[in-house]
Amino acid sequence: MLTVSSILASLANRGRLVPTGHLGQTGRFQTSFNNPSGLIEMVKSFIPPLTYQSHKGESGRVGIVGGSQEYTGAPYFAAISSLKLGADLSHVFCTKEAAPVIKSYSPELIVHPLLDDDNSSTEITQWLPRLHSLVIGPGLGRNDTVINNTCRIIEQAKEYNIPLVIDADGLYLVTENPSIISGYEKCVLTPNVVEFERLYKKVIGESPLLSEPVVCTKNLSQKMGHVTIVQKGVNDIITDGNRVLVCCNEGSPRRCGGQGDLLSGSVGTFLHWANKMFENTDICNNSMLSYGPTISAAYAGCLLTRECNRRAFSKYQRSMTTSDMISSIQESFDFLYG
């Protein structure tokens with residue numbers, strides 16, 4: 001149902017009204033309905049300005065770990081989304097068979113056909129110090145060699161203190177071995193409903209309560225050492241086990257493949273921007289100081305993805321695809337954060 005707070009929120013941030021999904025015991029947390037302008041200002045505070053003094057790479061060097069024979073679209077969507085949002089360079093670390101296909105999609109991407117090499121982790125490690133964030137999982141597949149190599153890449157990325165976004169088959173990897181990211185607070189997991197249930201059962205030992213999505217998401221985050229979890233759904237629930245944000249803005253009923261890749265790629269860019277701003281807490285927005293860079297970046301990505309979804313669906317309806325959403329990134333960005 002629509003509430004007075006949702007109507008006021010829509011007027012305040014030019015957002016669209018949507019029915020609010022069930023959140024269970026709400027407790028005290030912010031949503032894009034009850035504090036729209038404050039959360040928008042939080043995101044705007046860490047978006048870097050475009051200046052003539054900037055140099056290539058300063059606005060973000062994002063790495064995507066994924067891409068296999070069967071799945072070449074997902075890493076492309078994640079990588080190009082990070083660029084379209086405003087990152088300067090986007091690297092894709094994929095298997096040999098996937099590389100020429102991904103290269104053919106766009107000349108803007110830097111593609112490394114290393115992921116199925118026996119010594120790929122050693123070669124990819126050489127690139128890690130140059131990267132500001134890593135998105136792990138789009139199009140990864142479940143080949144044993146690739147999964148093992150990816151596990152080593154995660155361990156090495158943690159040593160370099162690189163922010164991580166883990167989605168898709170990366171979540172399969174985490175579900176099989178939750179300890180690999182346990183306690184790493186610069187990590188964002190982005191499970192859909194099915195992926196969340198699998199991970200919850202693995203870590204908690206029982207199914208999540210459908211009536212208490214916020215409580216269950218917080219519990220899972222706490223059990224995993226306060227990694228940030230974005231439970232995607234009617235509302236996107238974002239929590240590090242202590243603090244909670246809920247993104248309620250309108251998207252669309254269309255569920256074409258690739259939308260999660262746009263989210264993961266954009267969060268990868270937002271993570272760099274938010275962490276860079278957070279290095280100087282004297283100039284940080286108060287809401288960002290409260291929520292921290294990881295939750296702030298995750299919220300920014302959720303809001304942008306929903307707006308891209310809404311705009312593309314309004315034009316193309318049932319024929320909308322993720323490519324249409326990606327084409328809407330700039331106008332969605334300007335609408336929300338311009």
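Are Lys-232 and Asp-167 buried or exposed? Both Lys-232 and Asp-167 are buried, where buried means under 20% relative accessible area, exposed means over 50% and partly exposed lies in between (1.4 Å probe, protein chains only). The model is a predicted one, in which local features need pLDDT of at least 70 and side-chain atom pairs count only at pLDDT 80 or more, while totals for chains, interfaces and linings use all residues. Residues are numbered from 1 along each chain as its sequence is written, and side-chain values use heavy atoms, with hydrogens and water left out.

Lys-232 and Asp-167 form a salt bridge, with 3.5 Å between the closest N and O atoms. This pair links distant parts of the chain, 65 residues apart: Lys-232 is in the loop between strand 8 (228-231) and strand 9 (236-239), and Asp-167 is in the loop between strand 6 (164-166) and helix 7 (169-176). A salt bridge here is a side-chain nitrogen of Lys or Arg within 4 Å of a carboxyl oxygen of Asp or Glu, and by this rule the count comes to 13 salt bridges. Helices (H or I, at least four residues) and strands (E, at least two) are DSSP runs, numbered from the N terminus.

A second salt bridge joins Lys-96 to Asp-116, with the closest N and O atoms 3.8 Å apart. It too links distant parts of the chain: Lys-96 sits in the loop between strand 3 (89-94) and helix 4 (99-105), and Asp-116 in the loop between strand 4 (110-113) and helix 5 (120-125), 20 residues apart. Lys-96 is partly exposed, at a relative accessible area of 44%, and Asp-116 is partly exposed at 27%. Lys-96, Asp-116 and Asp-117 are linked in a network of salt bridges.

Next comes helix 7. Six of the eight residues of helix 7 are buried, so this helix is mostly covered. The buried residues are Asp-169, Gly-170, Leu-171, Leu-173, Val-174 and Thr-175. Their cover includes strand 5 (133-136), helix 6 (144-159), strand 6, strand 7 (187-189) and helix 8 (193-204), with contact meaning heavy atoms within 4.5 Å.

Two packed helices are described by the angle between their axes and the distance between the axes. Axes are lines fitted to C-alpha atoms, for helices over the stretch in contact, and angles run from 0 to 180 degrees between N-to-C directions. Helix 2 (residues 36-46) and helix 10 (residues 259-278) cross at roughly 80 degrees, and their axes come within 8 Å. Helix 2 and helix 10 are therefore roughly perpendicular; angles under 35 degrees count as roughly parallel, over 145 as roughly antiparallel, 65 to 115 as roughly perpendicular and the rest as oblique. Val-43, Ser-45 and Phe-46 of helix 2 meet Phe-270, Trp-273, Ala-274 and Met-277 of helix 10.

Helix 11 (residues 286-316) packs against helix 13 (residues 329-337) at an angle of about 120 degrees, with the axes 9 Å apart. That makes helix 11 oblique to helix 13. Among the residues making the contact are Glu-307 and Arg-311 of helix 11 and Phe-333 and Tyr-337 of helix 13. Arg-311 forms a salt bridge with Glu-307, the closest N and O atoms being 2.7 Å apart. Both residues lie in helix 11, four residues apart, about one turn of the helix, and both Arg-311 and Glu-307 are buried.
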